[in-house]
Amino acid sequence: MGMPDAEGHGPPEGLPDLPPEWGRVVVPDDASALAEEAAQLRRELRRRSTPTGRLRPTRRSPLHLPVVILLVALLTTIAGLAAVTWPRSPRSPDRPTVLPYPSSSEPPVLTGRPLPALDLVDVDESPVPLRGLLPAMIILVDACVCAAQVAAVAAAAPEGVTVVTVTGGRTVAPTPTVGGPVTALADPAGGLRTALRLSPRPDTAVALLVDRTGTVVRVLPALSTADDYRADLTRLAG
């Protein structure tokens, strides 16, 4: 049961009392008298329903992209410097040096192949078919006159084997005064030297031994003593 207030007004029977801190509650007969309080209550509710802790979109710093580019460039530069300055193993002194000239142990490309059909020229600049002088020992003297070696070949050549000297250009080399007969020719086009694929070496003559069928049986990249080719000359004459 409710207790009456100071003026003797009490709640109806069966209804609970209102909290005393609310004070006196007066209900007007006209609801429009509460319009101001209703408007204030709606404003308060709207204010409470408005979120105040919204998350702001994250904004990237304007320096983010330039810093990334700078780091990539720095790493690339460091990698390049490391590749240049990286210590390399010293070259072994036992490593063989590749010479521009083939060694005597490697057969030149013409060995075992037909002699090219070349027309050289004699002292009168008349054409001379090289294959018409077979069997022959052909000596290239475009880098060395090598008169002593040519004379030794002429002295060791058996009958029936032609000794031919070949120079570059159109100037025919003089024949030696000792030894045997020598046919001196010139190769203006350099066809024989090109076919051999041997570069001229100072003070060195190259020799080819060609049988009567036109096959190059041996190439001497550096003409030496007669003992080195005497047996080949004998086989050419057989």
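The side chains of Asp142 and Arg193 form a salt bridge, with N and O 2.5 Å apart. A salt bridge here is a side-chain nitrogen of Lys or Arg within 4 Å of a carboxyl oxygen of Asp or Glu. The pair joins distant parts of the chain, 51 residues apart. Asp142 sits in the loop between S3 and H3, and Arg193 in helix H4 (residues 191-196). Helices (H or I, at least four residues) and strands (E, at least two) are DSSP runs, numbered from the N terminus. Arg193 is buried, at 12% relative accessible area. Asp142 is partly exposed, at 32%. Buried means under 20% relative accessible area, exposed over 50%, and partly exposed in between (1.4 Å probe, protein chains only).

This is a predicted model: local features need pLDDT of at least 70, side-chain atom pairs count only at pLDDT 80 or more, and totals for chains, interfaces and linings use all residues. Residues are numbered from 1 along each chain as its sequence is written, and side-chain values use heavy atoms, with hydrogens and water left out.

The salt bridge count comes to 6. Side chains of opposite charge can pair when their charged atoms come close. Arg218 and Asp232 make another such bridge, again with N to O at 2.5 Å. This one links strand S7 (residues 216-220), which holds Arg218, to helix H5, which holds Asp232, 14 residues apart. Arg218 is partly exposed, at 24%, while Asp232 is buried, at 11%.

Asp232 also bridges to Arg235, with the closest N and O atoms 2.4 Å apart. Both lie in helix H5, 3 residues apart, about one turn of the helix. Arg235 is exposed, at 57% relative accessibility. Arg218, Asp228, Asp232 and Arg235 are linked in a network of salt bridges.

Now the nonpolar interior. Nonpolar side chains tend to be buried together in soluble globular proteins. A nonpolar core is a set of buried Ala, Val, Leu, Ile, Met, Phe, Trp, Tyr and Cys residues joined through side-chain atoms within 4.5 Å. The largest has 23 residues; Met137, Ile139, Val153 and Tyr229 are among those with the most contacts inside it. Strand S3 (136-140), helix H3 (147-156), strand S6 (206-210) and helix H5 (230-237) each supply at least two of its residues. H3 gives the most, with 4 residues.

Another core, of 22 residues, lies apart from it and includes Leu130, Leu133, Leu134 and Leu192.

Tyr229 ties several of these names together. Its contacts (heavy atoms within 4.5 Å) include Met137, Val153, Leu220 and Arg218, not counting residues up to four places away in sequence.
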